[in-house]
Amino acid sequence: MHAFAYKDGALCCEGVKLANIAEAVGTPTFVYSKKTILDDVAELQEALAPLGAHVAYAVKACSNKAILNMMAKMGVGFDIVSGGELWRVINAGGNPTLCTYAGVAKTEPEIRYALEHGIYCINCESENELREINRIAGEMGIKAPVAVRVNPHVDAHTHKYITTGTNENKFGVDITRIEELYATIAAEMPNLHIKGLQMHIGSQLTEVEPFVKAIQKVSPIAAKFKELYHIEFWSIGGGIGIVYDGCLASGQPEWWAARPEQITIRSYAEAIIPLLKPLGLKILIEPGRRIVGNAAVLLTRCVYEKKGEAKTFKMIDAGMNDIIRPALYEGYHEIWPVAEHKGDTITADIVGPICESGDFQAQNREIADVKPGELLAEMSAGAYGFSMASTYNSRPLAAEVLVDGDKWHIIRHRQTLEQMVQGECLPE
Ligand code: LLP
């Protein structure tokens, strides 16, 4: 459920007309609904309460300071993947002792920075990384809290670029080797404190079954590690999928009732709680997309229309630099006119201004026959939208706005051209 809907023919976020925001801030602009984010976090916390599970929000999904600050105020922890993300969390008022730190290529300065700030746990992805952390912790005269990411070799049935839990992926340590590795840590790495176990099999999982499979596979190992090494937690990762196709309708309760097969926080919780509860371990989850994905739209304006030989194109002022998901993952985002249309649809490609044929937001899509000057909302843009944006083609980064009831606030000013080239200089 989210807070985007037409009211009297005007697409609104909570109590604010999107057209008013575009008028004041311009386009392209990401517009987030505070209520949607808070509701999503609360729903997760409630559904997983029987497990006493802790939510560690995956910062990479959307790392705006205002969003992180909201999470921190809700008592949410953070899953980070770089020193930069940890810096953002601290800067936004988050607590590093509630942070887990994932990633396959952490550098020495990043590891030191995390340890200096009392990170809850570093989730390691290889033996060599563990040895490096052991060395650094030794120099610092501390014991570093670590867990290892186990790769359970389970197919997540998602796009190949966001599948992470099979033995073809660079992530984690194979399930067949994990026990041996924990024994090696205990025997040979005195500056490490084995604190937990971690896994994450992929992103945008639309079925519960791969989560169940992975948990069933890894559970005996988690139980064993609790016995042998007194691990405190098991993080089962993120990955809960959201609705992309049907997004606008999914803001209505009836939509959910009609689609019992759609993964929900409830169906996820119901499937995993009975499997995890008997272990008696602290359970962490690392959701990103499920918290912010449906909570934002990208506001954009139609600039031109072109009727080609084979296709009709609607050119918009948002490009793959603003939101790269369609180009990179064949991601599907619904696109709706901000002023409601009745009936007049057309099949068209919605394309951006970037000089690449891969710069499209939709292809062969039946959409409202919007005319140049009209505003559009690209739905489900909250996760991996702005956070993956770039200034490619020298296009300044978009603005971000947070709606709160019938008020709205800029949470990132549109980048200026001067800011875009800041740091560049001529050789001396
Ligand atoms: N934990 C770890 C270790 C991860 O690598 C990720 C995502 C998450 C948690 C959060 O996953 P989520 O709950 O958001 O599915 N840019 C891609 C998604 C990349 C996901 C990377 N890792 C996209 O736009 O689809």
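Domain bounds here come from an automatic or database domain assignment, and the model on which this tour runs is a predicted one. With those bounds in mind, select domain 1 (4-11 + 294-420) and domain 2 (34-289), each of which contributes at least three residues to the lining of the largest pocket.

Next, display K60, T164, F171, H200 and Y384, which lie nearest the centre of that pocket among its 29 lining residues. The volume of the largest pocket is about 610 Å³, and its lining comprises 11 nonpolar, 10 polar and 8 charged residues.

Move on to the second largest pocket, which holds about 260 Å³ of space and has I335, W336, E366, I367 and A368 as the closest to its centre of 17 lining residues. Strand β18 (360-368) and strand β16 (335-337) each supply at least two residues of this lining, with β18 giving the most, 4 residues. By class, the lining of the second largest pocket has 7 nonpolar, 3 polar and 7 charged residues.

Y6 and W336 form an edge-to-face pair, with ring centres 6.4 Å apart and planes at 80°; Y6 belongs to strand β1 and W336 to strand β16, 330 residues apart. W336 is partly exposed, at a relative accessible area of 32%.

Then select F211 and Y268, an edge-to-face pair at 4.9 Å centre to centre with 80° between the planes. F211 lies in helix α8 and Y268 in helix α10, so this pair ties together parts 57 residues apart in sequence; both residues are buried.

Finally, show R365, which lies over the face of Y332 at 3.8 Å from the ring centre.

Notes:
Residues numbered from 1 in each chain as written. Predicted model: local features only at pLDDT ≥ 70, side-chain atom pairs only at ≥ 80, totals over all residues. Heavy atoms only, no water. 1 Å grid on protein atoms, 1.4 Å probe; cavity = no way out; pocket = protein on both sides within 12 Å on 5 of 7 lines; lining within 4 Å. Points joined across faces, edges and corners; volume = space filled by probe spheres on them. Nonpolar A, V, L, I, M, F, W, Y, C, P; charged D, E, K, R; others polar. Phe/Tyr/Trp six-rings, centres within 6.5 Å; stacked < 30°, edge-to-face > 60°. Buried < 20%, exposed > 50% of the residue type's maximum accessible area, 1.4 Å probe, protein only. Lys NZ or Arg CZ within 6 Å of the ring centre and 35° of its normal.
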